[in-house]
Amino acid sequence: MNNPLPDAELPALQLSDVRLTLNSMAGPVDILTGIDLTVGAGQTVALTGPSGSGKSSLLMVAAGLEKPTSGKVLVGGTDITRMGEDAAAKFRLGRVGIVFQSFHLIPTMTALENVAVPLELMGLADAFDRAERELRAVGLILRTDHYPGQLSGGEQQRVALARALATGPQITALFRRTHRQPGQRHRQRHRRPDLRAERRTRRNPVPGHP
Ligand SMILES: Nc1ncnc2c1ncn2[C@@H]1O[C@H](COP(=O)(O)OP(=O)(O)OP(=O)(O)O)[C@@H](O)[C@H]1O
Ligand SMILES: [Mg+2]
């Protein structure tokens, strides 16, 4: 996060004074209280912290899945907090890749069909060719016709990753579970990151979708 950005390049992601307050039965809960974060091209950022500290909430806001109560979220210079739900979904389609903690694969579709979904939504004629290339890239070319239930946990995760990267997104958000090693309970410095927000340099742009 300390790498200086080249002058000409807009940050991939910029959060300014982001606040999130949600209401519960017990009253309002201040979850994010003024977050400033800039992520440049090609940077990888890991958000770490105790359970309940707001990592998933921050990632939801950064990926445009949750609107902040106040503040700005700029993806490639565009403020996504001002968009309506439909416009935000359209904007996310080619620009934001998301790998959920429980993957959210569609159980009635094969690995290939799952990866092809966002590409078909983008109206790409070669959706299935691209999906196949992405599955090859994650080492699953021999599993293209397997349904999620016929894949191991790690393989399901790789399908979800292939689906997130297939559109050549500007931002990839990964939700990860906390893993604690035996004997490392409650020792903050040994906690592994359970969430990572990653900005990738676009290496596989989709024509017509800047
Ligand atoms: N809909 C909601 N309404 C009120 N409070 C909520 C809501 N969703 C989450 N919270 C609270 O917001 C806080 C942050 O939750 P969040 O899921 O972002 O934490 P986290 O850092 O990802 O935790 P973990 O490491 O356990 O996944 C928690 O204290 C949670 O109880
Ligand atoms: Mg979480």
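Ala131 touches Leu112, Val115, Ala116, Leu119 and Ala166, leaving out residues up to four places away in sequence. Touching means contact: C-beta atoms, placed from the backbone, within 7 Å of each other.

Before moving on, note the ground rules. This is a predicted model, where local features need pLDDT of at least 70, side-chain atom pairs count only at pLDDT 80 or more, and totals for chains, interfaces and linings use all residues. Residues are numbered from 1 along each chain as its sequence is written, while chains are lettered from A and ligands numbered from 1 in the order in which they are written.

**The core**

Ala131 belongs to the largest nonpolar core, which has 37 residues. Ala62, Val115 and Ala131 have the most contacts inside that core. Such a core is a set of buried Ala, Val, Leu, Ile, Met, Phe, Trp, Tyr and Cys residues joined through C-beta atoms within 7 Å. Buried means 20 or more other C-beta atoms within 10 Å of the residue's own, exposed means 12 or fewer, and partly exposed lies in between, with C-beta atoms placed from the backbone.

**The sheet**

Switch to cartoon view. Helices (H or I, at least four residues) and strands (E, at least two) are DSSP runs, numbered from the N terminus. An open sheet of 4 strands runs in the order 2-1-4-5, with antiparallel pairing. Strand 2 (27-39) and strand 5 (78-79) are the edges; each has a single partner strand, so one side of each lacks a neighbour in the sheet. Pairing requires at least two DSSP bridges between two strands. Now zoom in on strand 4 (residues 70-75), joined to strand 5 by 2 bridges. Val75 has Thr78 of strand 5 as its bridge partner.

**The ligand**

Select ligand 1. Which residues come nearest? Of the 14 around ligand 1, they are Leu22, Ser51, Lys55, Ser56 and Ser57. The cut-off is a C-beta atom, placed from the backbone, within 6 Å. Strand 1 (13-24), strand 2 and helix 1 (55-62) each supply at least two shell residues. Helix 1 gives the largest share, 3 residues. By class, the shell has 3 nonpolar, 9 polar and 2 charged residues. Ala, Val, Leu, Ile, Met, Phe, Trp, Tyr, Cys and Pro count as nonpolar, Asp, Glu, Lys and Arg as charged, and the others, Gly among them, as polar.

Most residues other than glycine have a negative phi. Select Asp17, in strand 1. Its phi is near 45°. Asp17 counts as partly exposed because it has 13 C-beta neighbours inside 10 Å. Finish at Phe103, with phi near 70°.

Definitions and conventions:
Contact = placed C-beta atoms within 7 Å.
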